[in-house]
Structure formats: C-alpha cells, structure tokens
Amino acid sequence: MSETVEREELLMPGPAQALGALLGVPVPDLAGGAGIPLLWHWIYLLDHPAQSDLGPDGHPARNTVPAPPKPGQRRMWAGGRVRQHGELRCGEHANRRTRILSVEEKQGRSGPLTFVVVGHRIEQAGRLIVDEEQDIVYRPIPERGATTGEPDSTVPVAPGEWAVDVSPVLLFRFSALTYNAHRIHYDRDYCRDVEGYPGLLTHGPLQAIVMAEKARDGGPSAHTAFDYRLVSPLFDHQGMVVSAVPGEPGETVSAVRDIHGRQTASGRLRPLHR
C-alpha cells in the first residue's frame with residue numbers, strides 16, 4: 001500500500017536503563033546478553049524528524065509514516081498487536097521496516113474518523129524478532145464545550161495492583177525518551193486552549209508498556225503475543241493504576257484504570273506458538 005521506510009540502529013543498554021529508572025522496574029542484564037523486555041523496542045529505532053517537519057501540535061506533519069491525512073486533526077494511538085518471536089539484544093544492530101498496512105475512513109458520532117494501521121517488522125541477525133501493527137486514529141478537533149465533572153470518590157489501590165504516579169515530569173521524561181514532541185503530553189496550555197482537554201494526556205504507549213510489565217511479571221519476553229487497546233483518554237490528574245489477572249488458559253489479562261475506577265486501557269498477553 002505504501003513505500004517501506006527502513007531504520008537501522010546499534011542497540012545499546014542506555015535507553016532501557018533510562019526506562020527502567022523512569023518506571024522503577026528492574027532492568028535485565030542487557031550487557032550480559034539478556035533480551036530487551038516486551039514493548040521496550042519502542043524506545044529504540046526512533047524517527048528523528050526535522051524541526052521544520054513538525055506541525056503546530058508538535059507531531060510530524062510531513063516526511064513521516066504515517067503522515068496526517070488532513071491538517072489540524074487530533075492524532076490518537078488507539079491500540080495494536082505485537083508478536084515477539086525472540087528477544088532483541090544489545091550490542092547488535094537491528095533493522096526496522098515500517099509501512100502503512102491500511103487506511104479506512106469512517107463516520108463517528110463526533111464526525112469523520114480516519115483509521116490508519118501501521119506495520120513494523122524488526123529484524124536482528126537476519127531473524128524476524130518483532131512483528132507488530134499499530135492502530136492510529138485521526139479526528140477533527142471538536143468545538144470546546146463544557147467540561148464534564150469527575151467523581152469525588154476514589155477507588156483504593158487493591159492488593160496486586162500497581163499505582164503509577166502520573167506527574168507532568170513523568171510524562172515529559174517519557175516524551176523525551178521516545179523522542180515524542182506531541183504537545184498533548186507536556187504543554188498544558190496547548191491541551192486546554194487548542195484541543196480542549198482538561199489535562200495532559202498520558203501516552204498510549206506508556207499505558208501499554210506498564211500493562212505488559214504487569215502481565216509478564218518479570219517473565220521472558222520471547223515468543224509472546226500482546227494485544228492492547230486504549231479505550232478512553234487518561235489525563236495526568238487522574239492517576240494510573242495497573243492490574244493483571246489470569247484469563248483463558250495460558251493468558252494474562254491486564255488493564256489500566258484511573259483513581260476513580262474508570263478503565264482506560266486493556267491488554268492480553270499469551271504465549272506465541274512456534
């Protein structure tokens with residue numbers, strides 16, 4: 001459907017160590033040959049667009065895959081599917097091939113929507129390691145309306161849940177780590193005055209990563225399938241609470257909720273049959 005964009009990089013432990021420090025989770029002995037954890041490939045093989053290619057929202061508007069279908073639209077990461085056939089290892093080069101798999105126009109309750117599925121294939125040492133699809137949605141920025149209130153009550157963190165302190169500092173550091181200049185994650189004035197949001201948005205990839213971390217619980221990442229959906233926006237003042245429970249045999253079901261109990265993301269981890 002489109003040309004393939006390739007990127008190659010010598011993987012080093014530094015980005016993974018930075019992500020581990022950000023989330024307060026253990027980092028495998030990458031220098032000793034351990035593999036990069038599930039979904040942590042998102043902090044490698046990053047695109048570095050020219051400043052002149054960024055749109056008013058800070059996101060690339062041209063010379064990028066995918067390119068926005070129209071100017072002045074919201075861009076949201078809606079979900080995806082990851083198939084990890086092995087482990088990416090530091091000290092070796094990796095190659096990522098990216099292309100558009102599909103584009104579909106739909107009419108939603110709030111107006112026209114454009115659904116774009118982006119495919120990434122990451123190889124190392126001549127082997128396919130990561131095969132994934134990312135679902136991106138573009139929609140017009142709505143007229144600003146009255147801000148809906150939130151419940152006064154909060155849901156306590158239950159045993160086995162993981163509460164992540166979503167602060168502007170954490171969101172900014174994750175944006176920096178992923179080379180993501182999208183202003184919805186760090187520019188509160190832009191969020192409020194331009195896109196009409198009540199706060200900074202918590203990254204979809206960040207929610208997916210914490211769900212994968214909770215689901216795998218330190219287990220190996222190789223030969224694993226992980227599907228996830230971002231079902232509702234999560235803002236910085238709403239907190240982030242992560243859970244993972246057994247599902248179908250061999251599966252783990254994970255989720256993110258806010259401090260009021262509203263679910264914002266869901267995930268499913270299962271073994272990938274070889």
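Val 117 stands opposite Asp 135 in β5. The model is predicted, so local features need pLDDT of at least 70 and side-chain atom pairs count only at pLDDT 80 or more, while totals for chains, interfaces and linings use all residues. Residues are numbered from 1 along each chain as its sequence is written, and side-chain values use heavy atoms, with hydrogens and water left out.

**Exercise 1.** Find which strands pair with β5 and in which sense.

*Solution.* Strands are DSSP runs of E with at least two residues, and helices are runs of H or I with at least four, both numbered from the N terminus; two strands pair if DSSP finds at least two bridges between them. Start with β2 (residues 73-84), which pairs with β5 (residues 127-140) in the antiparallel sense over 11 bridges; here Arg 83 has Asp 131 in β5 as its bridge partner. Then take β4 (residues 111-124), which also pairs with β5 in the antiparallel sense, over 11 bridges. Finally, look at the hairpin of β4 and β5, where 2 residues lie between the strands and Ala 125 takes a positive phi near 55°.

**Exercise 2.** Work out which residues of helix α2 are buried and where they lie around the axis.

*Solution.* Buried means under 20% relative accessible area, exposed means over 50%, and partly exposed is in between (1.4 Å probe, protein chains only). In α2 (residues 168-177), the buried residues are Leu 170, Leu 171, Phe 174, Ser 175 and Leu 177. They cover an arc of only 165° around the axis, which puts them on the same side of α2; the arc is that of the directions from the helix axis to the C-beta atoms. On the other side, Val 169 and Phe 172 are exposed. The buried residues pack against α1 (13-23), β6 (162-164) and α4 (204-216), with contact meaning heavy atoms within 4.5 Å.
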